[in-house]
Amino acid sequence: MPTAVRPSLDPDTLDDVDLADPAVHAEHDLSALWRHLRTEEPVYRHPETGGRPGFWVLTRHADVAAVLRDSARFTSERGNVLDTLLTGGDSAAGKMLAVTDGEPHRDLRTVLLKSFTPRALAPVIESVRRSTRQLLEEALGRGDCDFAREVAANIPIAAICDLLGVPAKDRAYILALTSSALGSDHGLPTEADTWTAKNDILLYFAELAADRREKPLDDVVSLLVSDAFGDRPLTHDEVVFNCYSLLLGGDETTRLSMIGAIEALIEHPDQWAALRSGAVSVESATEEVLRWTTPALHSGRTATEDLLLEGEFVEEGDVVTVWTASANRDEAVFDRPEVFDLARSGNRHLSFAYGAHFCLGAYLARAEIGAVLEGVRAMASELSFAGPSSRVYSNFLSGLSQLPVSVSLDPRYRPAER
Ligand code: HEM
């Protein structure tokens, strides 16, 4: 049973489309709309809708990269996603890595990077590979499973909790909170749900930080509360906001990408065969999965000065959004962009953004998606849909929250010793 086909949005209806509305993304295929914008209106002024201010929409790969590269003229300090930018800014601005610019951003990033080098991540990635195989073995043993909930939901959250030092007993609670805080597994999220979940996450990390101040361990929370941080200790808010950002940044995007990988492999049997036979490498497949799924649809910035973009006058203070969902399908950069091609070479996708705010967790995310591809390649002989899937409702995240699949175990597969 294929996943539900979403009706295409007709570019002629552009003036009535509200790109800030989660349902627009969850319930429609926007490919034709993005193509129209890239070719006809690459710097498009999105009208005011529902009492929210208008904003600029950039869709070409070159323009998206140019804005992301230029933090001086396009700041993240007033928020980096539509939801916060259209409602008066991000309360964590200047405190949380993704919404801080200039020197404070460089200082914070330099320290956090210590926990994200291949060497520092080696034990976390080893544990990701082990637990991914175990989860896949269990799912394959059952034959049918919801890949989203029974496999993917457990992988990135475990990795980021390992990094942050969140105890095993709290992980299910943390997973439930992250789903409510960002998108929604059950249709449209209410503002109250989102707000409560965000606050509960902040409270949780305030307590964990207090514990680590008393008794430091070898984890990121202990690093953030330690005096060894730059030339001054971080404030309480800086600690909890950055824990929050690592948790949300590290969990749902990676999860949606690995779920989308399985969906795409089922929909493209030739690519599944190429992966299984070893005709394409897991590294190359991972990059195409990242391009194809594009779990983070857009990044948002604010213009710090009046400027001209492709002949359009952008005023200081205007909200400028860049749509990776479109840039990753730009025919000026990708040969046959609408084709899922695991062997694609020179894959310049922007799924992890670009420039100063390039995703801090890109190496970890690639390793996690790679572990899933490696696992299904070694263990499964057949993959098929086993029921209807459902999508997340979000204007920022894209993908499936539910993906029932049938999997057959490859008779040649022998479980590894644990
Ligand atoms: C497939 C998975 C992932 C995708 C698609 C993704 C995407 C992104 C994007 C687009 C940005 C830039 C946002 C902006 O321009 O405003 C970003 C930044 C960031 N990501 Fe990721 N991310 C992923 C996984 C992760 C993981 C696993 C972690 C951590 C464990 C993480 C932590 C962060 C952080 C901390 C930033 C802010 C970096 C900065 O501002 O300097 N991400 N990510």
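These notes go through the predicted model point by point, from the ligand shell to single residues.

1. Basis. The model is predicted, and local features are reported where pLDDT is at least 70, side-chain atom pairs count only at pLDDT 80 or more, and totals for chains, interfaces and linings use all residues. Residues are numbered from 1 along each chain as its sequence is written.

2. Ligand shell. There are 26 residues around the ligand, and Gly249, Gly250, Thr253, Cys359 and Gly361 come nearest. A residue is near the molecule if its C-beta atom, placed from the backbone, lies within 6 Å of it. The shell divides into 13 nonpolar, 12 polar and 1 charged. In this count Ala, Val, Leu, Ile, Met, Phe, Trp, Tyr, Cys and Pro are nonpolar, Asp, Glu, Lys and Arg are charged, and the others, Gly among them, are polar.

3. Helices at the ligand. Helix 12 (236-267) and helix 16 (362-379) each supply at least two residues of the shell. Helix 12 gives the most, with 7 residues. Helices (H or I, at least four residues) and strands (E, at least two) are DSSP runs, numbered from the N terminus.

4. Nonpolar core. The largest nonpolar core has 111 residues, and Phe147, Leu164 and Ile259 have the most contacts inside it. Helix 12 gives the most to this core, with 14 residues. A core here is a set of buried Ala, Val, Leu, Ile, Met, Phe, Trp, Tyr and Cys residues joined through C-beta atoms within 7 Å. Buried means that 20 or more other C-beta atoms lie within 10 Å of the residue's own, exposed means 12 or fewer, and partly exposed is in between, with C-beta atoms placed from the backbone. Leaving out residues up to four places away in sequence, Leu164 touches Asp219, Val220, Val221, Cys243, Leu246 and Leu247; contact means C-beta atoms, placed from the backbone, within 7 Å.

5. Strand 2. This strand (residues 55-58) is covered on both faces, with Phe55 and Val57 buried on one side and Trp56 and Leu58 buried on the other. Strand 2 pairs with strand 1 (residues 43-46) in the antiparallel sense over 4 bridges, and with strand 8 (residues 319-323) in the parallel sense over 3 bridges. Pairing requires that DSSP finds at least two bridges between the strands. Trp56 is the bridge partner of Arg45 and stands opposite Val320 in strand 8.

6. Helix 3. His61, Asp63, Val64, Val67 and Leu68 are buried in this helix (residues 61-69). The cover over these buried residues includes strand 2, strand 3 (74-75), strand 5 (298-303), strand 8 and helix 15 (324-327).

7. In the order 4-12-9, 3 strands form an open sheet with antiparallel pairing. Strand 4 (144-146) and strand 9 (380-385) stand at the edges with a single partner strand each, so one side of each has no neighbour in the sheet. Strand 4 and strand 12 (residues 404-409) pair over 3 bridges, and Asp144 stands opposite Ser406 in strand 12.

8. Two single residues. Val17 lies in the segment before helix 1 (22-27) and is partly exposed, with 18 other C-beta atoms within 10 Å. Apart from neighbours within four places in sequence, Val17 is in contact with Leu9, Val24 and Leu33. Glu214 is in helix 10 (residues 191-214) and counts as exposed, with 8 C-beta neighbours inside 10 Å.

Note on methods. Two residues are in contact if their C-beta atoms, placed from the backbone, lie within 7 Å.
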